[in-house]
Amino acid sequence: MRGSVHHTFHRLLKCLDLRSSLPRRTLSTSVPLSHQEIVIPKRIQRSPTDILQALASTIKRDTSGPHYKHHDDPYLTPASNSLKRMYSLSKESGRKAARWIRDSNPQLFLHTPDDPHIKAFAPTIRYTEDDASEAVLRELVRQNEVSDAITMYHICKDKSIDLSDEAKQELLELVCYSNGEDQLEEDWLEERWHRQTTTTIRKTWNDDGVAEELFQSLSEKKSAAYCALIRGMTQYYQVDRAWQLYKECQEEELPLDTNTYNSLIRVSSFLRDASDLRWQLVKELLATMAESGVQPNLGTLNSTLEALTQVAGWREARGLSLQVLREFTQAGIEPSLATYYFLLLIHCRERGPVSHILLDILDHLQGRAFQARHLKDTYFFVTAMNIARNHIQNLEAARHVDDLLHTDNNYCLIGDSYRESVYYRHYFALMCSQMPIDQFMEVYSDLSPHIYTPERDVMEMILKFTTLHNALQYIPQLYSDMVAYNLGNQEKLLTLVLSAAAQHQSADDNIELTEKMGRVAEDIWTRVEELMQDKTRINRITWTGQMLGDVLTCLVVSGNYMLCQVVLKDATLKAHTILGYIPPPALRVMLDAAIQRKDGDTGLEVVKYALESGHHETGELALHLRSSLNLTPRQKAKLTTALGTDIMTEAASSDSDSEGCQP
């Protein structure tokens, strides 16, 4: 115990790097202790959560329990993606409700014992028309209250309150960045995590809105105003108008900053048609930056590569992308993950030649920790895993991508819940195709459902992979997970489970597995029957003959003969609602079970079902029943009535031949 505590404390010191900041005390026999010089170490700047992060780094993730944000309770642990989203957003909705109560009743929250005062805990200040002033407007802009700031601006305008160009410029920058719409607050982490951002490129700029009104109201249109409006228009793809403003700046010789040039380079492909003309425009913008003395930055590099992704099919795009990366690197600009993301888009096109640039990128990035430096840094990992699966089909590359993702705090750059699901979808699919089944199931048990809940297509792939490798021992576990993941109502998945379970051969060393297979078939039978009775379902499950045949086979092997009789009777009475018929091999298994139990009536039902289904093996089944079981006169009469005297005569002759052969 003492050694483990010492080891943990040592790791904590290493994480915080406290040893370098602690003064070293030395004992000297020649210098008295009172005359030793005290050296005060230099203060190390730390964030408020550095100690918590250091402590968290000493603890590994618990794969046996849910994510820490969920209750560690079997009845409250979400397994499916929909439940994860519902539970997380519900918890955050409670915090929103608390904030609404606080803001709606500020008179109830006057007690403020915090010192210094924490504004985030205090009710939000609500301004009225009587409070209209430039100071209030600038305060709203500082707090990023977009709609309130716009409302206050209109109030000031209606009351003829003079606003300085500085206040208008601040509001202009806020409106251009947000397009005049309130942004989701950073406090709502779960809503940001589960929000699916669209990647559709289309114009969403509010034409003739508040931003352009503010721009026109400025007494002197300086460079900062042009930069803000151009960046806003390019961000929301009002490209033509942004280009006109850029031309106005050139005519009036107004200097533009680096970010404005970056925004123009990013959308340059929308201003030209041919690939070579698009690249020519990018070079012109870069040359203008150099002539104006504007220094490029990481955004310039990524904007240039993003412009090349728009012409990725151009034969010179690959070479130019590497040339751009080399020149910017020589200029001292360190690439970010978004840089490599754009390189992957250029070199690893779906219909292009195979490129192994991902392997070179992973070798270069191995073991490195990254921080978010560009908006599209979060696209790298999911794109890299997609290329590892679909472009080069390399499991080793996928493992390197996963190792890089779990290095230091790189997992923060996975993006959102949708990208996380897509990432693991590709990873699971690649492992299914190239990894031994036992190793794959270890990874599956480690990640699911704590981190990732497989979707229907992924679960279908796993079931096929398990059946292909005859690893039927995993079928009960996979079916149990299907039910937990809300996939127990998917007809295709249930068909695959029954097909795999029906292949199981009972033996003395796998009695437990045989019982589990029987319980799986029984649960599927009960579940489908309940779903078929639910008239409110849109996509209702329909029994097929093959599914019922697999159910019969599993139940017979597991010894549940009574339920077999129920299934056979139901298949006979509801034949018009079943797609197809129970196949002959399953009927033969059921007939053998009836013969073994000397149940002639059930054997007759099997033969009659085969006859009504039009199976050619009906005569063979009847002969097998007649020769293997001593039927009563009534049962023989039923068999004769159903099949005719020819088959019965053949059966009788076969019986006499068999008796004559006996010694």
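**Side chains, core and overall dimensions**

Me: Which lysine lies over the face of Trp-188?
Reply: A charge counts as sitting over a ring if NZ of Lys or CZ of Arg is within 6 Å of the ring centre and within 35 degrees of the ring normal. At Trp-188 the distance from the ring centre is 5.5 Å, and the residue over its face is Lys-96.

Me: What are the ground rules for these values?
Reply: This is a predicted model, in which local features need pLDDT of at least 70 and side-chain atom pairs count only at pLDDT 80 or more, while totals for chains, interfaces and linings use all residues. Residues are numbered from 1 along each chain as its sequence is written, and side-chain values use heavy atoms, leaving out hydrogens and water.

Me: What is the geometry class of the pair formed by Tyr-341 and Phe-342?
Reply: The ring centres of Tyr-341 and Phe-342 are 5.2 Å apart. Their planes make an angle of 50 degrees, so by the plane-angle rule the pair is tilted.

Me: Are Tyr-341 and Phe-342 buried or exposed?
Reply: Relative accessible area decides this: under 20% is buried, over 50% exposed, and in between partly exposed (1.4 Å probe, protein chains only). Tyr-341 has 9% and Phe-342 has 1%. Because both values fall under the limit, both residues are buried.

Me: Which residues does Phe-440 contact, leaving aside neighbours within four places in sequence?
Reply: Phe-440 belongs to an aromatic cluster that also includes Tyr-423, Tyr-424 and Phe-428. Contact means heavy atoms within 4.5 Å. Beyond its sequence neighbours, Phe-440 is in contact with Phe-428, Met-431, Cys-432, Met-435, Ile-462 and Phe-465.

Me: How many salt bridges does a search of the whole structure find?
Reply: The criterion is a side-chain nitrogen of Lys or Arg within 4 Å of a carboxyl oxygen of Asp or Glu. One of them joins Asp-103 and Arg-102 at 3.1 Å, N to O, and both of these residues are buried. The search finds 26.

Me: Why are Glu-139 and Arg-142 separated by about one helical turn?
Reply: The two side chains meet in a salt bridge at 2.6 Å, N to O. Glu-139 is partly exposed at 22% relative accessibility, whereas Arg-142 is exposed at 54%. The separation is about one helical turn because the two lie three residues apart in helix α4 (residues 134-142).

Me: How many residues apart in sequence are the parts tied together by Arg-425 and Glu-455?
Reply: This salt bridge spans 3.4 Å, N to O. Arg-425 lies in helix α19 (residues 417-434) and Glu-455 in the loop between α20 (437-447) and α21 (456-468), so the separation in sequence of the parts tied together is 30 residues.

Me: How far apart in space are Val-141 and Val-175?
Reply: Val-141 lies in helix α4 and is buried at 9% relative accessibility. Val-141 and Val-175 are 34 residues apart in sequence; in space, C-alpha to C-alpha, the separation is 9.3 Å.

Me: What is the radius of gyration of the protein?
Reply: The secondary structure comes to 31 helices and zero strands. The radius is taken over C-alpha atoms, and the globule rule is 2.2 Å times the number of residues to the power 0.38. A compact globule of 663 residues would be near 26 Å, but the protein has 36 Å.

Terms used:
Rings of Phe, Tyr and Trp (its six-membered ring) pair if their centres lie within 6.5 Å; planes under 30 degrees apart count as stacked, over 60 as edge-to-face and the rest as tilted. Helices (H or I, at least four residues) and strands (E, at least two) are DSSP runs, numbered from the N terminus.
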